[in-house]
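Walk through this protein with me, one site at a time.

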Amino acid sequence: MTLIALGLNHQTAPVELREQVAFAPEQATEALRELQAQPGISEAMILSTCNRTELYVDVEEGAEAVPLNWLSRHHQLSEQQIAPHLYDLRDDEAVRHMFRVATGLDSMVLGEPQILGQVKDAYQLAREQRTLDTGMERLLQHTFAVAKRVRTDTQIGAHTVSVAFTAVRMAEQMFTDLRQACVLLIGAGETIELTARHLVEKRPRRLLIANRTLAKAEELAAVYGGEALALEALDAHLAEADIVIASTAAPHAVVSREMVERALARRRRRPMFMVDIAVPRDIEASVGTLKDVFLYGIDDLQKVIDGHRKARESAAREASQIIDLQVERYMAWRRTLGLKNPVVDMRCHAEHYRDEVLAKAQAMLARGKPPEEALAFLANTLTNKLLHHPSARLREAALSGDIDLLQAAGRLYGLEEGPANS
């Protein structure tokens with residue numbers, strides 16, 4: 001079996017391709033079932049976020065190309081279109097990658113904690129759909145333990161700058177005093193909730209929250225002192241917003257160029273600052289060409305985020321050392337899955353000899369032999385059978401000078417401690 005991590009992220013692919021390869025939440029369950037049903041794939045998990053789409057699969061020998069074939073077919077893209085942007089990591093490198101992802105070392109925001117929750121969500125879905133077995137189940141449990149240790153033993157999480165926080169910082173640079181600004185948040189997921197939390201500290205003049213499910217928008221609005229809107233009312237209220245931050249799971253744009261043009265006309269050309277941190281994008285890309293609109297996408301946030309990376313790079317090196325050690329430990333365990341258990345084999349041999357000799361001793365008793373003679377036969381014959389092969393190997397080791405084997409035998413039988421007390 002080969003463990004494969006196949007995917008693309010913000011470092012390897014532009015947002016245009018990432019949004020084509022992303023799995024919407026409502027698609028994830030069926031996609032996972034379909035992936036796991038492919039020939040040669042025994043275990044599978046899909047991780048899809050705004051910055052990455054990754055398949056984690058355990059495949060049989062000869063089926064290593066199946067994940068890429070399936071991914072391209074599923075999204076109706078040619079392998080030539082996506083292959084140059086993919087990383088295809090095997091075994092220990094796949095394990096290392098998963099550990100790095102879960103600890104935030106592979107994130108746009110170094111050390112950001114949200115990705116661990118997303119990995120846990122992907123794991124939970126895979127468990128519910130029964131697409132995991134012993135190998136990857138153990139890998140995910142090990143991953144969560146490594147992430148916890150990295151958070152505890154390093155400063156990787158200190159002063160973490162999230163994508164949401166970065167979006168608010170950019171807005172603050174555009175509008176020096178957010179207390180004079182009306183902010184419109186589109187969506188009601190975790191990223192938008194984090195954004196709202198950061199915005200509350202800046203005390204904007206007005207906060208609007210628009211979402212497809214109005215009840216969820218009302219829930220967030222009640223917590224953060226905003227006003228809830230249905231997504232259908234977006235066109236009517238867009239002109240009121242000085243700042244727009246969008247992050248939904250919609251499969252297509254929810255803010256069109258025409259909507260923004262109408263809003264600008266009603267605003268009498270007062271500028272709008274817009275941040276789109278969704279993949280697929282929530283705001284049509286052509287909006288960025290409009291005069292009086294400052295549109296930033298998720299890739300643009302990278303420039304701001306880079307300025308905060310140096311403070312965490314030392315912690316990242318410490319985290320990498322922890323990860324390297326844990327990769328070795330997991331792979332050592334994984335290698336044992338393909339090996340016979342010598343303890344089981346040794347016990348089977350011993351039980352076979354025991355049954356064989358016991359049957360002969362019982363036959364002696366049945367023929368009228370004295371119990372003492374049958375017991376002596378049982379003890380001597382069983383001892384000889386159990387020690388015959390080890391004794392022969394140790395004689396060969398002594399003749400060939402194999403000191404390591406002789407010392408190992410001593411440790412195995414506890415001979416360094418002297419003969420057992422009777």
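Helices and strands here are DSSP runs, numbered from the N terminus: a helix is a run of H or I with at least four residues, and a strand is a run of E with at least two. Keep in mind that this is a predicted model.

Start with the backbone. Asp91 sits in the loop between β4 (87–90) and α5 (92–102). Asp91 is not a glycine, yet its phi is positive, at about 50°. Look at the peptide bond leading from Val279 into Pro280: it is cis, and its omega is near 0°.

Take α6 (114–128) and α7, which spans residues 134–153. Their axes lie 11 Å apart, and the packing angle is about 160°. Angles over 145 degrees count as roughly antiparallel. So α6 and α7 are roughly antiparallel to each other. Their crossing is left-handed. Which residues of α6 and α7 meet? From α6 come Leu116, Val119, Lys120, Tyr123 and Arg127. From α7 come Glu137, Leu140, Gln141, Phe144 and Ala147. Sorted by class, this contact has six nonpolar residues, three charged and one polar.

The next pair is α8 and α9. Helix α8 covers residues 163–174, and helix α9 covers residues 190–202. Here the axes are 8 Å apart and the angle is about 40°. Is this pair roughly parallel or oblique? Roughly parallel needs an angle under 35 degrees. At about 40°, α8 is therefore oblique to α9. The crossing of α8 with α9 is right-handed. On the α8 side, the contact uses Ala164, Phe165, Val168 and Glu172. On the α9 side, it uses Thr191, Leu194, Thr195, His198, Leu199 and Lys202. The classes in this contact are five nonpolar, three polar and two charged.

How many cavities of 30 Å³ or more does a search of the whole structure find? The search finds one. The volume of this largest cavity is about 30 Å³. Its lining consists of Ala28, Leu32, Ile46, Ala122 and Leu125. Two elements, α2 (25–36) and α6, each give two or more residues to that lining. What classes of residue line the largest cavity? Five are nonpolar, with no polar and no charged residues.

Finally, move to an open site, the second largest pocket. Its volume is about 620 Å³. The lining has 19 residues, and those closest to the pocket centre are Met346, Leu386, His389, Pro390 and Tyr413. Three helices each supply at least two lining residues: α15 (342–366), α16 (371–400) and α17 (403–412). Which helix gives the largest share of this lining? That is α15, with eight residues. By class, the pocket lining has 13 nonpolar, two polar and four charged residues.

Terms used. Residues numbered from 1 in each chain as written. Predicted model: local features only at pLDDT ≥ 70, side-chain atom pairs only at ≥ 80, totals over all residues. Heavy atoms only, no water. 1 Å grid on protein atoms, 1.4 Å probe; cavity = no way out; pocket = protein on both sides within 12 Å on 5 of 7 lines; lining within 4 Å. Points joined across faces, edges and corners; volume = space filled by probe spheres on them. Nonpolar A, V, L, I, M, F, W, Y, C, P; charged D, E, K, R; others polar. Axes fitted to C-alpha atoms, helices over the stretch in contact; angles between N-to-C directions. Parallel < 35°, antiparallel > 145°, perpendicular 65-115°, else oblique. Left-handed = near helix turned anticlockwise from the far one by under 90°. Contact = heavy atoms within 4.5 Å.
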